[in-house]
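Welcome! Have a look at the structure below, and then we can walk through some of its features together.

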Amino acid sequence: MTEYDASRNANRTIRYVVAALILRGSEVLVCQRRPDQPMSLKWEFPGGKIEPGESPEEALRRELDEELGIRASIGVRVAHVRHNYRNGGAVDLQFFAVHSFEGELTNRIFHDFRWTQLHTLPEYDFLAADRELIRDLAAGKLL
C-alpha cells in the first residue's frame, strides 16, 4: 500500500450496517432500492444502519420493523464484510439469518421485494458490497 492509499483509507467514513437473510426453505427475501435512492434499483437484503447504543441484533430488529412491518427473531451472524466503495465511503456489514418472524410482510420503503431461490441470487444486480456473499450463498457455502 502506498502512502497515498494509506491516507485515503484513513479518511474513509465507515457506516456500520446490518442486513437480514430472511429465509423460507431454500428461498430468501431480496429487496430492490427505489429509483430516487443512491445506487438506485440495485438489489439488497433488508436492514440498515446501526444507531449509537444499539447492538447489531437490536438494529436489525428495528430496521425490519420499519422497512417490512415484521417482528423478526434474529438468528446467527452468517457473514461479516467490509467494503470500500470507489466514492471513498466504506461499509462494515453484518448479515444475520432470520428463520422466523411475526406479522405480514409489508413493503414500506422498497421499489420491489420478492422471494427467490438461493441459487438464483447471481441473476440479480446486487450492491457491490453484497456480491461475494451472493456467490457463497448461491453455491450453498453459508447456509
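Helices and strands here are DSSP runs, numbered from the N terminus. A pocket is an open set of grid points with protein on both sides within 12 Å along at least five of seven lines, and its lining residues have an atom within 4 Å of a point. Keep in mind that this is a predicted model.

**The largest pocket**

- Rolling a probe the size of a water molecule over the atoms shows where empty space is left.
- The largest pocket holds about 540 Å³ of space.
- Its lining is made up of 27 residues, and Arg 15, Val 17, Arg 33, Glu 44 and Leu 127 lie nearest the centre.
- Two or more lining residues come from each of these elements: β1 (14-24), β4 (47-49), α2 (56-68) and β6 (90-102).
- Which element gives the most to the lining of the largest pocket? That is β1, with four residues.
- Sorted by class, the lining of the largest pocket has 14 nonpolar, seven charged and six polar residues.

**How the strands pair**

- β5 and β6 form a hairpin with five residues between them, and Gly 88 in the turn has a positive phi of about 105°.

**Tyr 85, in the loop**

- Tyr 85 sits in the loop between β5 and β6.
- Is Tyr 85 buried or exposed? Its relative accessible area is 17%, so Tyr 85 counts as buried, the cut-off being under 20%.
- From C-alpha to C-alpha, Tyr 85 and Leu 41 are 17 Å apart in space, and 44 residues separate them in sequence.

**Gln 32, in a strand**

- Gln 32 belongs to strand β2 (residues 27-32).
- Gln 32 is buried too, because its relative accessible area is 12%.
- Which residues is Gln 32 in contact with, leaving aside its neighbours within four places in sequence? They are Leu 41, Lys 42, Trp 43, Phe 110, His 111 and Asp 112.

Technical notes
Residues numbered from 1 in each chain as written. Predicted model: local features only at pLDDT ≥ 70, side-chain atom pairs only at ≥ 80, totals over all residues. Heavy atoms only, no water. 1 Å grid on protein atoms, 1.4 Å probe; cavity = no way out; pocket = protein on both sides within 12 Å on 5 of 7 lines; lining within 4 Å. Points joined across faces, edges and corners; volume = space filled by probe spheres on them. Nonpolar A, V, L, I, M, F, W, Y, C, P; charged D, E, K, R; others polar. Pairing = 2+ DSSP bridges. Buried < 20%, exposed > 50% of the residue type's maximum accessible area, 1.4 Å probe, protein only. Contact = heavy atoms within 4.5 Å.
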